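Open the model in a viewer and keep the selection panel at hand. The stops below run from the whole chain to single side chains.

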Amino acid sequence: MAKSALLKSSIAKKVAMALSGLFLMLFLAQHFFINMTSVFSSDTFNSISHYMGNNPLVQFVIQPILIVGVIFHFIMGFVLDFKNRSARPIAYAKNNGAANSSWASRNMIVTGSVVLAFIALHFYDFWFPEMVYKYVDVSPLNETRYFHEMTEKFESPVRTALYSISFLLLSLHLWHGFNSSFQSVGFNNKYSRSLHKLGYAFAIVVPFGFIFIALFHHFNH
């Protein structure tokens with residue numbers, strides 16, 4: 001009975017983590033779309049950013065849910081990784097993980113930790129200054145400031161390189177995570193193969209799209 005309850009608890013944690021990961025991917029896609037507009041039109045980017053930054057629904061409902069989702073996803077990742085390691089009290093004499101799994105699947109905690117560090121930097125760069133601008137300094141509305149604020153961050157080659165490396169690791173994290181999420185929630189039918197392909201496409205297009213945006217603004221600053 002105890003083993004059954006433990007198994008159910010572990011499955012529930014994996015499902016919860018999978019669902020939170022899929023939710024964060026939706027946010028990532030939306031964020032990518034907004035940032036990509038900056039390549040084509042500073043006015044469009046400013047307009048969308050101003051709307052998102054001053055919409056009460058986004059600011060006081062969606063944004064807090066997003067922050068909780070990020071925290072929950074990464075805490076669950078560390079918890080599950082710890083449980084998996086604890087289930088093997090005696091280390092293997094020789095671990096040939098590459099024979100049965102990809103590097104991305106064996107190092108989700110590593111890529112996830114780097115992505116978490118990047119998110120913290122992203123909050124420091126954009127979210128905290130935005131909160132100070134609007135709610136601490138109570139500065140007047142300026143609908144044209146967003147494009148300049150974003151491109152200014154990519155002036156530094158070091159910051160741009162770190163940004164690009166973080167998204168490379170995010171790509172690896174998504175490569176395994178997307179398909180693992182559907183396995184965790186038990187999604188296995190005739191549409192599974194198409195979803196796997198969609199997951200791999202997402203893991204390539206979105207992270208490398210972010211890298212393209214960073215490099216574009218760095219070299220056109």
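Residues are numbered from 1 along each chain as its sequence is written, and side-chain values use heavy atoms, with hydrogens and water left out.

**Colour by confidence**

Colour by pLDDT, the predictor's confidence in each residue, from 0 to 100. The chain mean is 80, and 81% of the residues reach 70 or more. Where pLDDT is low, the predicted coordinates should not be read in detail.

**The core**

Of the 221 residues in the chain, 36% are buried, meaning under 20% relative accessible area; exposed is over 50% and partly exposed lies in between (1.4 Å probe, protein chains only). Now select L28, Y163, F167, L174 and F210, which touch the most other members of the largest nonpolar core, a set of 29 residues. Such a core consists of buried Ala, Val, Leu, Ile, Met, Phe, Trp, Tyr and Cys residues joined through side-chain atoms within 4.5 Å. Helices α1, α3, α5, α6, α7 and α8 (192-219) each supply at least two of its residues, and α1 gives the largest share, eight.

Centre on Y163: apart from neighbours within four places in sequence, Y163 is in contact (heavy atoms within 4.5 Å) with N35, F118, F154, F210 and A214. Move to T160 in helix α7 (residues 157-184). T160 is buried at 3% relative accessible area, and, again not counting residues up to four places away, touches F154, A214, L215 and H218.

**The salt bridges**

How many salt bridges does the structure hold? There are three, each a side-chain nitrogen of Lys or Arg within 4 Å of a carboxyl oxygen of Asp or Glu. Select E130, K134, R145 and E149, which are linked in a network.

- K134 to E130: the closest N and O atoms are 3.6 Å apart; the two residues are about one helical turn apart because they sit four residues apart in helix α5.
- E130 to R145: the N to O distance is 3.0 Å; E130 lies in helix α5 and R145 in helix α6, so this pair ties together parts 15 residues apart in sequence. Both residues are buried.
- R145 to E149: the closest N and O atoms are 3.1 Å apart, and E149 is partly exposed at 29% relative accessibility.

**The surface**

Last, select F23, L57, F60, V61, I62, I65, V132, Y135 and V136, which make a nonpolar surface patch of about 850 Å². Patches are made of residues with over 30% relative accessible area and no salt bridge; like charges are joined within 9 Å, nonpolar side chains (Val, Leu, Ile, Met, Phe, Trp, Tyr) within 5 Å. Areas come from the Shrake-Rupley method with a 1.4 Å probe; for residues, only the protein chains shown count as cover. Helix α3 supplies the largest share of the patch, five residues. F23 is found in helix α1 (residues 2-40) and is partly exposed, at 33%.
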